[in-house]
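Visitor: I have the viewer open and would like a tour, please. Could you take me through it by question and answer?

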Amino acid sequence: MALRETFDVVVAGAGHNSLIAAAYLARAGLRCLVLDARPVVGGDTATEELTLPGFLHDSCSTAHNLIQTSPTLRDDELGLFELGLEYLYPDPVAHVPFPDGTSITQWRDIDRTCDELARFSVRDAAAYRRLIDEYAAIAPVVGAYRYTPIGWGPSLGDALLARDGGARWVRRAAGSAWEAIAATFEEEHVRAFMAWMAFMTIQPLEQPGTGLNAYSLVFGRQRHSWVVPRGGSGALPAALARVIEAGGGQLRTGERVTGLCIEHGRCVGVETELGDRYDATRAVLSTIHVKHLLEMAPAASWDDGFRYAIDSWQPGIAMFVTHYALRGPLEYPGDAGPVRPLASGTPVSSLRMRDLEVDVRRGRVALDDPPLLVLCPTALDASRAPAGAHTLKVVGFHPYDIEGGARRWDEIADEVSDAHLAHLRRYAPGLTDETILARSVHSPIDLERANAHNWHGSCHGGDSGPAQSGALRPAAGWATHRMPIDGLYQTGSTTHPGGSVSGAPGRNAAMVMLADFGLDLGEVVAR
Ligand SMILES: Cc1cc2nc3c(=O)[nH]c(=O)nc-3n(C[C@H](O)[C@H](O)[C@H](O)COP(=O)(O)OP(=O)(O)OC[C@H]3O[C@@H](n4cnc5c(N)ncnc54)[C@H](O)[C@@H]3O)c2cc1C
């Protein structure tokens, strides 16, 4: 029989952002119900047995870099570390082999990283050190902007201009990541390494508005390593779920929200695919992709400007993921013995990295030397697999819309996965058929089927470029988290400051909602 229940706040979607928002609301004494269509909470931060029993795979995200500077973790505002959340900091940070047999390894010790770069160019090694030092001066400015709701503080441009030398950073931010790399580094291997790093939030390298990615990604890795939670990405949503439950809230999986209940112009609850109805006395918070949200209320509920902003929303570059269960670790040959990194990648060349954007725009699945991101969390965290065994995630970057339509991914997925593996084997020849126990292939359309929020490959928030960087997003109308319907709020990677595991859209949404309820997040945390 269909259910009808009432809560203070009903949350549609249980990604890490909406869980963070719900956790702050629960701390404020609000009874929250969190609904998710998937069988597990966490969205793109879920950890699941995707291949064989006992092999715990990060279905999507592995690195928890951006969230390290969030007040949620930095000041442990929600007490997550007492609830079992623990971070591990791999060293080496990352390893990048090249087709000519050379490689660059990034180490936690910056001197050691610079020594690696100096093998290719002494000048570039010095430029790397300078880049990290220079960005350290403005990292707090960018961080404050990201963890402040739009309208509550200055724009990023104004905040940068208020600093000595700020105009230089405004120019850099307006340019592309590649412009910054090409202007700073001269040697091709170093440029390819820097391009691969700058691409780690999957923003096109030559797109204006991506300039800060050339600095922030490599700076974050140099400072926090390729930081991962012990036990898997899912350790974060698991700890957040405990905060929500401790505050009297509930989480229900397998509950897809299909409609918003609107009464007298106000959102008063949601309906689900199972026919259940959940009423919200205070608010509904959504992390449903904005493209889908539009269909969930009568057309007259949305104003024209809002509708235009969503109709013109563009997805980002999609990902193609293969998970492997392995008998042994992933190893790359090295001068001083095998290198067993948690994070590695194959940029091939700086040009090949830049071509990714062109291929995606043309709808081409380019399998010649595909740049890859390769993650082997068991290199550091043995708890994720049976004794001696390992998990491996191989990520490629391709368009969602391809010739023949997105459903053609079902026909070509195995071939694409095979091509990625063949490419990786050029660098890691020990990755033989005998080493591989099982694999699980997830094309861009599979990622969308698994999580509707990954709309058309918008896994890092979508709408890449200036909008992703925050320059246009405020103009799109929903950045403040308040939606055009009273009582309805939005969080997740379609809101400021966008995708990745940052927790920023979640905490920002909580700040806005609490303020509307006459509460202050700082006071709630201090209680
Ligand atoms: C393959 C891959 C690898 C990635 N790697 C990294 C990484 O290493 N580091 C990093 O920082 N970022 C990474 N990202 C990006 C990052 O994981 C996401 O940007 C981020 O987790 C999004 O979080 P979110 O809270 O906004 O929403 P999501 O995690 O997308 O959660 C949204 C939730 O809403 C639910 N939902 C949607 N519609 C409905 C509905 N109608 N009813 C009920 N529930 C609904 C979904 O089921 C989902 O659980 C990766 C993404 C992918 C796909």
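Visitor: How far is a backbone N or O atom of alanine 37 from a nitrogen atom of the ligand?
Guide: Happy to start there. This is a predicted model, in which local features need pLDDT of at least 70, side-chain atom pairs count only at pLDDT 80 or more, and totals for chains, interfaces and linings use all residues. Residues are numbered from 1 along each chain as its sequence is written, and side-chain values use heavy atoms, with hydrogens and water left out. A polar contact here is a pair of N or O atoms within 3.5 Å; within protein, one must be able to donate a hydrogen and the other to accept it, and residues adjacent in sequence count only if both atoms are side-chain atoms. For alanine 37, the separation is 3.2 Å.

Visitor: How much of the ligand's accessible area does the protein cover?
Guide: Accessible areas come from the Shrake-Rupley method with a 1.4 Å probe, and for residues only the protein chains shown count as cover. On its own, the ligand has 1,000 Å² of accessible area, and the protein's share of cover is 96%.

Visitor: Which residue puts a polar side-chain atom 2.6 Å from an oxygen atom of the ligand?
Guide: The ligand is surrounded by 32 residues, and Asp44, Val257, His453 and Val501 are among the closest; near means that a heavy atom of the residue lies within 4 Å. Valine 501 has a polar backbone atom 2.7 Å from a ligand oxygen. The side-chain atom at 2.6 Å belongs to aspartate 36.

Visitor: Are the residues of strand β2 buried or exposed?
Guide: Strands (E, at least two residues) and helices (H or I, at least four) are DSSP runs, numbered from the N terminus. Buried means under 20% relative accessible area, exposed over 50%, and partly exposed in between, with a 1.4 Å probe and protein chains only. Cys32, Val34 and Asp36 point one way from β2, and Leu33 and Leu35 the other way. Of the five residues in β2 (32–36), five are buried.

Visitor: Which residue of β2 stands opposite alanine 12?
Guide: Strands pair if DSSP finds at least two bridges between them. β1 (residues 4–12) and β2 run parallel, joined by four bridges. Opposite alanine 12 stands leucine 35.

Visitor: Which residue in the turn between β6 and β7 has a positive phi?
Guide: β6 (residues 94–97) and β7 run antiparallel with four bridges, and alanine 94 stands opposite glutamine 106. The two strands form a hairpin with five residues between them. The phi is about 90°, and the residue is glycine 101.

Visitor: Is arginine 108 buried, exposed or partly exposed?
Guide: Arginine 108 sits in the loop between β7 and α3 (110–118). Its C-alpha lies 6.0 Å from that of glutamine 222, though 114 residues separate arginine 108 and glutamine 222 in sequence. Its relative accessible area is 32%, so arginine 108 is partly exposed.
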